There are 2 protein chains.
Amino acid sequence: MHYGYNIFKKFINGKLDQIKGLEYAASVVYWDMTTGAGGRGVKARSSALGILSSKVQELMVSEAFLNDLKTLEDNQHDLSTIDAQIIKEARYKYDRISKIPAEEYRTYAELTSEATVVWERAKNTNDFKMFEPYLKKIVAFKRKFADYFGYEDHPYDAHIEDFERGMTVAVLDTFFAELRKTVVPLVKAIAECEQPADDFLYLNYNADGQRMLANELLQTIGFDLNAGELKESEHPFTMGLAIDDVRLTTHYYTDNLTSAMFSTIHEGGHGIYEQNFSSEIAGTLLADGASAGLHESQSRLYENNLGRSASFWKHFYPKLQSTYMKQLDRVSLDLFLKAINKSVPSFIRVEADELTYPLHIMVRYELEKALVEGSLEVEALPKAWNEKMEAYLGIVPPTDKLGVLQDVHWSDGLFGYFPSYALGTAYAAQIQKALSSALDVDKCLEKGDMGPIKAWLNENIHQYGLTKTAVEIIEEATGEPFNASYYTEYLKSKYTKLYNL
Amino acid sequence: MHYGYNIFKKFINGKLDQIKGLEYAASVVYWDMTTGAGGRGVKARSSALGILSSKVQELMVSEAFLNDLKTLEDNQHDLSTIDAQIIKEARYKYDRISKIPAEEYRTYAELTSEATVVWERAKNTNDFKMFEPYLKKIVAFKRKFADYFGYEDHPYDAHIEDFERGMTVAVLDTFFAELRKTVVPLVKAIAECEQPADDFLYLNYNADGQRMLANELLQTIGFDLNAGELKESEHPFTMGLAIDDVRLTTHYYTDNLTSAMFSTIHEGGHGIYEQNFSSEIAGTLLADGASAGLHESQSRLYENNLGRSASFWKHFYPKLQSTYMKQLDRVSLDLFLKAINKSVPSFIRVEADELTYPLHIMVRYELEKALVEGSLEVEALPKAWNEKMEAYLGIVPPTDKLGVLQDVHWSDGLFGYFPSYALGTAYAAQIQKALSSALDVDKCLEKGDMGPIKAWLNENIHQYGLTKTAVEIIEEATGEPFNASYYTEYLKSKYTKLYNL
């Protein structure tokens, strides 16, 4: 018992805690940049961020790290269950990171760092050709990295692993096929329908009112504002520094009533996950979402399944209306609900509605897969993008800025991330179903008492962190393995009703 | 040329930049803590800060660091002047830090970290005995460290060096003797005088108005708000992250009109220094104040010599009055000037007025010196404190909370820092004299056009950073070596006039 424990303490304090400390610092620097300092001190900051990240890398791939890891693995019986899981997780991370030769990784990191800058310029000037050579190099790396990581069936599996452990192209192909079958016809059918009025959402809504409402929304859904905060940044995000320090951002647009509200609820869902890892794993390597998709399931569940429901607004709409009396006085709850659930095909993913959103993901999934497997080359990407947009959404982007150049992900090397966005929404539907069997969700929402909902999610989803996989958590929480039909059923039922199809 | 340059680049990118990056991150974490996060995520943050600091230590005292240093010193002729100075500065820092055995330093760092917490508790409960054993250990370390550092005449010299290179007890004894001779009788004389009314400074002044005024004051004195910002924290401070990212804090008290105003001008003076290192040294080891005293001279010059002058308020008082019409309508400029320059002996250093302030420093200077040389033991400290307060200020603190326990410095091991506060004010007087010979300061202040003042300070003080010593800068800027009589003359003339002595 003693030997294993001692080396464990040494490993934790000497290496894992160091990595955690450096990552903590990098996060705070990022927070500082996005919510405050902005364009000030850019050079000093870039240099600091680069150094923190290379220090983490250095600690992680060191021989000392590997030696400690091996010793601990040999003495696993001496460790507590949690400690053993920490070692397992450290090994998982070490194996991933060490599979890519350090020198090659450095070149790749420099490439993506430069590519992100070029991409932004290319996007702003609508010039895909400018970005093309960078993306080609990134794709070449991704193909090579897939071999380094290894895979059974499909090279893209090796990249999905970064975000959704154990998930494969085989499963995703089925998932997206089902989505295609359901959602594409739904979108087509809605295109024939009359659209509800929603012009009242785009009047002038002062930021102070929105700020107050955003904080009230967080309180309502159960995000603990004593263990976190909401600030403002260009793009909304969540940062879990510790279970008692979870930070969210939103962006207030005075000509848009709902953008900040729903992005706040969305980040609040992520935030509630981060605030509720069990105390046993808090502050350890295991205090993280089980997967990107499961994390996204929590934000989407709060934002869409709960946050766009009639029951939720039965409680919250009077408050909204009284805040913006002049603008909303004549807008009934029913009108408001129709407006916030309106579905219209559009070009930009992050602005897409709940129904068309997964089709945007499908476009990216199929293109990424093709790029990694080599059946598509970067030169042909814009055309392929537009064809898929037309096939799934019935619209063709007039420019690459509104098309293939819109997302930051590829310039940053984030291949394999996109599927998690769609998986998350699908997980959310399945979780919602289980949640609704366990308690009267609508009653909670109508009363504005979301405590029981949060308690159920804490118990069944949040507490585990990385001690269970997303696959296990979904199965145990809902009583069956991941099943996309809950999602397609949810969308069908919701939109059939909304549009009287 | 080539060899020296290459190893220099390696040293800079590989080690000095790493140290700088880690220190940058620690600063941002500290900023985040004091201006935002506060009590959230304390554990994660403490751990991160500890790790950053030990990483810096590790890099600095490494054999690799020393080897590079030696090689560069051997090839100095290959380096540019600035690069050679960077090497000299790195050597200076290395020599200081490496003189204390690493293990001992770690024990000491842990001690001071714990002692700061104990001190705070001891202060709040007015219990010196609680703090005593910690302070005893700290003093023992300081005595030992003085031997490690080495010194010619007095062991306290070894500690003053940390803040004021080359300054010694011999010089400071003379300086404080002169202060004692001038200021103690002045304070005694004023004790017999009628005090001006100042009750109007303590009415209700809303924070929004104060915030607006503080930012206007910064603009007036020439702090560049595009390359920095003003936020709020419990205790005001300045943090120079880069010349284009200098951050200040203040604290608004709604029952005190001037506290935030003068602390803002004070920090603004520090900030202007940090924003105006020459571009050649920006971002290097040399971008730092030449000494703690010279840094303080800039804050004090702006706060007191300029900021409490009649000419300054001739310009700014109408703005202040119109902001708080109700409270200041009947307060003439003359009354206001008398009130903000009122001098009354008080217990707390940070609340002391311009005249009594140096006496507070003198108390601490003499006690620190005695503690380090061993002529005073910690047990006898509270009594010695009270005796000196009575001798210099004519008052005896009724409690240790208002006496020996008031400052954080000793618990943090900051021995040798206090003299810089007084030296700074003395430097400021000498600099003011030179500045006044070079340009019409009063005219600038009255017009609210402080650009020429800032330009002169930039040229003569700020630009050099650590490329010159404070001693050199003072001498070159003012045409003679440091001479305390400018300070004593300034105080005598100012207070004789104010109180019609």
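1. Start with K10(A), which forms a salt bridge with D68(A); their closest N and O atoms are 4.0 Å apart. A salt bridge here is a side-chain nitrogen of Lys or Arg within 4 Å of a carboxyl oxygen of Asp or Glu. K10(A) sits in helix α1 (residues 2–37) of chain A and D68(A) in helix α3 (residues 63–74) of chain A, so the pair ties together parts 58 residues apart in sequence. Helices (H or I, at least four residues) and strands (E, at least two) are DSSP runs, numbered from the N terminus. Over all chains, the whole structure holds 67 salt bridges.

2. This is a predicted model, in which local features need pLDDT of at least 70, side-chain atom pairs count only at pLDDT 80 or more, and totals for chains, interfaces and linings use all residues. Side-chain values use heavy atoms, without hydrogens and water; residues are numbered from 1 along each chain as its sequence is written, and chains are lettered from A in the order in which they are written.

3. Confidence comes next. Chain A has a mean pLDDT (the predictor's confidence in each residue, from 0 to 100) of 95, and 99% of its residues reach 70 or more. The model scores ipTM 0.89 and pTM 0.91.

4. At the interface, 31 residues of chain B are in contact (heavy atoms within 4.5 Å) with 31 residues of chain A. The copies meet through the same surface, because 100% of the interface residues of chain B are also interface residues in chain A. Together the chains bury about 2400 Å², 59% of it on carbon and sulfur atoms. Buried area is the accessible area (1.4 Å probe) that two parts lose on being put together, summed over both.

5. Six salt bridges are counted between chain B and chain A. One salt bridge joins D32(B) to R247(A), with the closest N and O atoms 2.6 Å apart. On the side of chain B that touches chain A, α1 (2–37), α2 (42–60), β1 (228–232), β2 (238–242) and β3 (245–250) each supply at least two residues. α1(B) gives the most, with 11 residues.
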